[in-house]
Amino acid sequence: MPKKPEALLWNRVSPMLRRLGHCQRIESHATSIGVPDIELCTYTQNQWWIELKVWYADKGVTIRPAQKRWHIQRAIVGGKSLVLIHFPSARRYALLWGDDAVHVKPKELTTWLSLALYVWDDEIDFEQLKDFLYETKSR
């Protein structure tokens, strides 16, 4: 059975994230609806929650209502969450704050990219991502 696009994205980013600290994939949709796909605690004691998404040409990016609530509630208490989007047809990646991503309509490509903290062509710039995840203490 072929892997889903988000599973392929996990396979691509997990080796990078595991070099930054303790990283785990969360598969809890049945027990903790809305919880992001990845929890990362860096060696600099920064905790991050990262939702993985893939852009589909026909439907864009979908963030479910439970995911939206989770990102907003986490931001309210000062937690840090991100959404990492892969745009396969454009060979591009974008990283957004979780509470910014919840307000974008699925097919608004230019809005997704304009809200991005980083946009990477072809491959994620690991050094740039590492610096951001290590050094950012709050929103």
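## A sheet, a helix and Phe 87

Helix H5 (residues 126-135) lies across strand E2 (38-42), strand E3 (47-54), E4, E5 and E6, and runs at about 160 degrees to E6. Here contact means heavy atoms within 4.5 Å, and angles, from 0 to 180 degrees, are taken between N-to-C directions of axes fitted to C-alpha atoms, for helices over the stretch in contact. Helices (H or I, at least four residues) and strands (E, at least two) are DSSP runs, numbered from the N terminus.

The model is predicted, so local features need pLDDT of at least 70 and side-chain atom pairs count only at pLDDT 80 or more, while totals for chains, interfaces and linings use all residues. Residues are numbered from 1 along each chain as its sequence is written, and side-chain values use heavy atoms, with hydrogens and water left out.

The open sheet has 6 strands in the order E1-E2-E3-E4-E5-E6, with mixed pairing, where two strands pair if DSSP finds at least two bridges between them. Because strands E1 and E6 stand at the edges, each with a single partner strand, one side of each is left without a neighbour in the sheet. On average, neighbouring strands of this sheet are turned by 20 degrees against each other, direction ignored.

| Edge strand | Residues |
|---|---|
| E1 | residues 21-25 |
| E6 | residues 118-121 |

Strand E4 (residues 81-87) runs antiparallel to strand E5 (residues 92-97), and 6 bridges join them. Phe 87 belongs to strand E4, and its bridge partner in E5 is Arg 92. Phe 87 is buried, with a relative accessible area of 1%; buried means under 20%, exposed over 50%, and partly exposed in between, with a 1.4 Å probe and protein chains only. Leaving aside neighbours within four places in sequence, the contacts of Phe 87 include Trp 55, Tyr 93 and Leu 109.
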